[in-house]
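Here are my notes on the model you sent over. Have it open next to you while you go through the points.

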Amino acid sequence: MIKVGDKLPAGSLQEFIEVEGEGCSLGPNSFDIGQATAGKTIAIFALPGAFTPTCSAQHVPGYVAKADELKAAGVDEIWCVSVNDAFVMGAWGRDQKTAGKVRMMADGSAAFTNAVGLALDLTARGMGVRSQRYSMLVKDGIVKTLNVEAPGKFEVSGADALLAQARAAA
């Protein structure tokens with residue numbers, strides 16, 4: 001499993017772009033993780049799946065509500081990562097009103113999730129391989145804080161915890 005001090009693994013994540021611009025076409029676009037994190041502070045939170053109860057009722061709304069405070073604490077971007085495709089993440093972002101606040105990053109094949117060692121096998125529950133619930137603060141591609149939830153819990157990876165860590169690091 002990735003740990004504080006490690007560099008994020010090479011690879012890419014996908015984001016559904018609603019409005020064409022800055023070299024991005026409408027629809028799914030792929031972003032190189034190394035390039036996207038270079039010189040930036042990124043708040044990343046990951047969760048088991050789009051439209052799932054805790055993720056939709058608490059995890060994403062918390063980051064949407066705290067987006068301005070996170071940015072005031074030095075966070076350049078907030079990413080929500082889930083093992084879903086970019087179309088689903090785009091629809092979920094519209095539903096959660098994340099535009100301009102949280103980038104909904106798809107890890108459709110779980111390549112990033114597996115590379116950071118935080119995969120969660122929910123095959124027995126009909127959901128396949130998903131991501132564990134966690135958050136991390138990343139500066140210039142290096143993990144500065146990491147908060148991994150115990151199975152079935154939502155206690156340490158929410159926006160309030162990462163905001164406190166971002167303020168302490170600023």
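1. Ground rules. This is a predicted model, so local features are reported only at pLDDT of at least 70 and side-chain atom pairs only at pLDDT 80 or more, while totals for chains, interfaces and linings use all residues. Numbering starts from 1 along each chain as its sequence is written, and side-chain values use heavy atoms, with hydrogens and water left out.

2. The sheet. There is an open sheet of 7 strands, in the order E2-E1-E5-E4-E3-E8-E9, with mixed pairing. Strands here are DSSP runs of E with at least two residues, helices are runs of H or I with at least four, and both are numbered from the N terminus. Two strands pair if DSSP finds at least two bridges between them. E2 and E9 (142–148) are the edge strands, each pairing on one side only. On average, neighbouring strands are turned by 30 degrees against each other, direction ignored. E3 and E4 run parallel and are joined by 6 bridges; for alanine 43, the bridge partner in E4 is isoleucine 78.

3. Helices on the sheet. H2 packs on the sheet and touches E3, E4 and E8 (134–139), with its direction at about 180 degrees to that of E3. H6 also packs on the sheet, touching E3, E8 and E9, and its direction makes about 20 degrees with that of E8. Axes are lines fitted to C-alpha atoms (for helices, over the stretch in contact), and angles run from 0 to 180 degrees between N-to-C directions. Touching, or contact, means heavy atoms within 4.5 Å.

4. The cores. A nonpolar core is a set of buried Ala, Val, Leu, Ile, Met, Phe, Trp, Tyr and Cys residues joined through side-chain atoms within 4.5 Å. The largest has 25 residues, and Phe45, Tyr63, Ile78, Cys80, Trp92 and Val102 touch the most other members. E3, H2, H3 (67–72), E4, H4, E5 and H6 (159–169) each supply at least two of its residues. Another core, of 20 residues, lies apart from it and includes Ile42, Ala46, Met105 and Val116.

5. Helix H4. Which residues of H4 (86–96) are buried? They are Ala86, Met89, Gly90, Trp92, Gly93 and Gln96. Buried means under 20% relative accessible area, exposed over 50%, and partly exposed in between (1.4 Å probe, protein chains only). Their cover includes E1 (12–17), E2 (27–32) and H2 (53–65).

6. Phenylalanine 87. This H4 residue is exposed, with a relative accessible area of 54%. Leaving aside neighbours within four places in sequence, phenylalanine 87 is in contact with Phe16 and Pro28. Phenylalanine 16 is 71 residues away in sequence, yet 6.2 Å away in space, C-alpha to C-alpha.

7. Most residues other than glycine have a negative phi. Alanine 110, in the loop between E5 and H5 (111–115), has a positive phi of about 65 degrees and counts as buried at 3% relative accessibility. Aspartate 140, in the loop between E8 and E9, has a phi near 50 degrees and is partly exposed at 46%.
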